[in-house]
Every structure is written in structure tokens, then in C-alpha cells.
Amino acid sequence: MHLSPQHALQQGLPQHYIGLMSGTSLDSIDAALIEITPSAFPRLVATCALAIPANLREQLLTLCHSDHALFSQLASAEQAFCELQARAVKDLLTAAQLDDDAISAIGSHGQTIEHAPGGHNAGPAYTLQLDNPSLLAELTGCTVVADFRRRDLAAGGQAAPLAPAFHQALFQGEHQPHAVLNLGGFANVTWLPAGNSMPLGFDTGPANVLLDAWYQRHHIDALFDREGHWASGGDVDPLLLARLLSEPFFHQPPPRSTGRERFHLPWLESHLTGQELAQDVQTTLAELTARSVAEGIQQLARHQPFRLIVAGGGAHNGDLCRRIADNLPQATLATPDAWGWPADWIEAGAFAWLAYRRLYHFPGNLPSVTGAAGPRVLGGIYAP
Ligand SMILES: Nc1ncnc2c1ncn2[C@@H]1O[C@H](COP(=O)(O)OP(=O)(O)OP(=O)(O)O)[C@@H](O)[C@H]1O
Ligand SMILES: [Mg+2]
């Protein structure tokens, strides 16, 4: 017999949720199936990453950088994106040998097209995720929770980062302070003081977005610099680094969040003299990520020792992780695998967990991170 989520929770039975995440890197749709038991730690059960095909990637990138997109273009990208999400869900359920009625809800983040928590040209704050939860519910037969960010924004918050509440659920309560660093297209950090004090966190700036863009400009073999091999062979250009670090975002006090609308290839090019070697630019970009991450974390750590849990695709970039470690001598680097959560799956897991929070009317944001007026229940529910 299939129990409703409410009955399952009352009886202390495990429930299953799926999180769908495709971040700013536009590399893949990540689907994570998690198990939640009221008294236990969220457990990662199965995963599926579906690469975003080149034509959809192009469509989405065009929308991200366009200021005059047509509704029909939005609708076409949204439909293709949603169909890919539905395929990821089907593949995930097959891998886990579960039926759709075993899923309490899917948490769909959607694809961020533009994030402007401070508004644009004195207009209202907005954050736009391409998403069609109605179609996803139709295609999968599952309850879908979506539109996670706008309630925090409505309460005066940045609507980002949202993963820190999940980082708190996974990693809080250790004897030593912990920082969780997500190295996706952008980097965000969550500071978890020892014990159970309030977490802090914010976006530190670009993680891979500029590294990927510059690599793609000079290579046709891959979408990113595997293991940071190219970057590791160049030299940091100190003058370029100083110019890049003078960007006001790096000096803005929290709460703060950012995206492709601020950090993009033309932004980088506006700081180049044209005399630089391409490889040295890549090295300098890696150092930019490391320095901005380290300076952000140091504001929170204030030079005390802590453990640094590194997650997101950038965790596989040995060159980048070495640079971060060199800039944070008091940090001990750790991988989240020790908690049963491989580096690539925390973001998707977070949106599965946020769907669970929504069904039970639990808050999903951390006002100490986003700056919202208070805790808020995030997202809307789309019945199957
Ligand atoms: N083996 C690797 N070596 C170097 N870089 C890697 C490797 N694997 C992944 N990456 C980097 O990680 C990026 C993808 O990371 P991830 O999926 O966490 O980012 P994202 O999709 O932007 O997610 P989010 O915005 O949710 O954090 C790739 O674009 C690439 O730059
Ligand atoms: Mg990704």
C-alpha cells in the first residue's frame, strides 16, 4: 500500500525525494534520489547525470546573455529542458528500481537565466529560473516542488545561496568549525561554527564559469580544463589578478550572491591588455577563484583552524584545490564522501531535501545567509 507523505512521516517510515539541479556551468542535469527518515541523516540512494546536449546548451546560454528574448524562445528552451529533466527522473527510477509512486516529491531548481537580487536599472529585484513544473508533473507522474528562490527574495533576501541550510543538516554539530565550499560555476561558502550556532555564508564569486569560458575559447576538445592541467602550466599575472580582484562584488559585505550577468567573458576581456599569454590568463583565473574564495572564507574563519569540505565539480580540479589550500593555511581539506555524500551530489541533494521541507511546511532558507526578513517555507507544490 502506498502511504501519503504525512502518514509515512508519522510512522517514521523512510520517504524518497528526487532533487533536480542544473547549475550555471550548464554541463548536466543532475538528479539525486535521497531517503529521508524523520530521525536520521538524509541518505543519498541513487544518482543520474544527463549531459545537456550542445544545442540546448546554446539555447540556454543565448537566453542568459540576451536582453530581448522572445517568449517563444523561452518556451522552446523550457520544453526541451523539462523533457531532459523527465528523462533524468526516469533513468534514476530505473537505476534505483523504484516506481514513480514511491517518490514523495521532486524538487526542481530549474535553469537560472538571470539573477538580479538587487534589481536592474532601479527596477524590482528578480531571479529567473526557466522551469515548467506542471509539465514535469505531467511527464513523471510525481508531485513536483519548484520556484524555491522567489519567496526568499520576496522577504527581502538574496534568494541565494540556498544550499547552506542543507549543508547545516548534513555537517553541523562537529567539535571543530567547518566550512562547506561549493565550486560550481560560481562558488558559495557555508560557515558552520562548532556546536550549533547559526551558520553564515554567501557567494564568493566565480568558481569555474570564467575558467570554462576561457578554456573553451582556446580549445575545442572539451568544455573544461580537466584537473586544471592547462592552468597549472602557466604563470599568474599579478597585475591582471589585481585588476580582476578590484571588482566591487569581491568587496561587498554579505549577504551577497551573483551569476553570469556579472561575471562573463566580456567582463574578463575588459580587464585584458591583449599582451597576455592565453595560458597565463587561465592560471590567473584559477588564482582569482582561489583568492576570492580564501578571502571570503577568512572573513568568516578569522584565521582560526577549521575543516574545509570541498564540493561541486571544482572539487575534481587538483590545481584549483591546491591554490585554495595554499591561500588558507589553517584549513584542513576534506571531501564530503566521509558523510556518504560525494562532492558532485550535494547541490542536487539539497533540492530533494528542500522539496521535503516544503511538503512539511518547514522553512528552507537561512536568513543569516540570504538576509531575508525571516525563515520562510520555499516553493510551490504541483500535484501529479
Ligand atoms: N575533472 C575535472 N577537472 C576540472 N574541472 C572539473 C572536473 N569535473 C568538473 N569540473 C568543473 O566543474 C564544473 C561543473 O561543476 P558543477 O556541476 O558543480 O557546477 P554547476 O553545474 O555550475 O553547479 P552549481 O551552480 O549548482 O554549483 C565543470 O564545468 C568544470 O569546470
Ligand atoms: Mg553541473
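Me: Before we start, what does contact mean here?
Reply: Two residues are in contact when heavy atoms come within 4.5 Å. This is a predicted model, so keep that in mind throughout. The cut-off to remember is 4.5 Å.

Me: Which residues does Phe 171 touch, leaving out those up to four places away in sequence?
Reply: Phe 171 sits in α6, which runs over 163–171. With those sequence neighbours set aside, its contacts are Val 180, Leu 192, Ile 309, Pro 336, Trp 339 and Ile 346.

Me: Val 180 is in β8, so what is its bridge partner in β11?
Reply: β8 covers residues 178–183 and β11 covers 306–311. The two strands pair in the parallel sense over five bridges. Val 180 has as its partner in β11 Ile 309.

Me: Why is one side of β10 and of β12 left without a neighbour in the sheet?
Reply: The sheet is open, with mixed pairing and the order β10-β9-β8-β11-β12. That puts β10 (200–206) and β12 (331–334) at the edges, so each has a single partner strand.

Me: Which helix packs on this sheet, and what angle does its direction make with that of β8?
Reply: The helix spans residues 318–327 and touches β8, β11 and β12. It's α12, at about 145°.

Me: Which element gives the largest share of the largest nonpolar core?
Reply: That core has 38 residues, and Tyr 17, Ile 34, Phe 171 and Trp 353 have the most contacts inside it. Elements giving two or more residues include β1, β2 and α6. The top contributor, with 10 residues, is α13.

Definitions and conventions. Residues numbered from 1 in each chain as written. Chains lettered and ligands numbered in written order. Predicted model: local features only at pLDDT ≥ 70, side-chain atom pairs only at ≥ 80, totals over all residues. Heavy atoms only, no water. Pairing = 2+ DSSP bridges. Helix = DSSP H or I, 4+ residues; strand = E, 2+ residues; numbered from the N terminus. Axes fitted to C-alpha atoms, helices over the stretch in contact; angles between N-to-C directions. Core = buried A, V, L, I, M, F, W, Y, C linked by side-chain atoms within 4.5 Å. Buried < 20%, exposed > 50% of the residue type's maximum accessible area, 1.4 Å probe, protein only.
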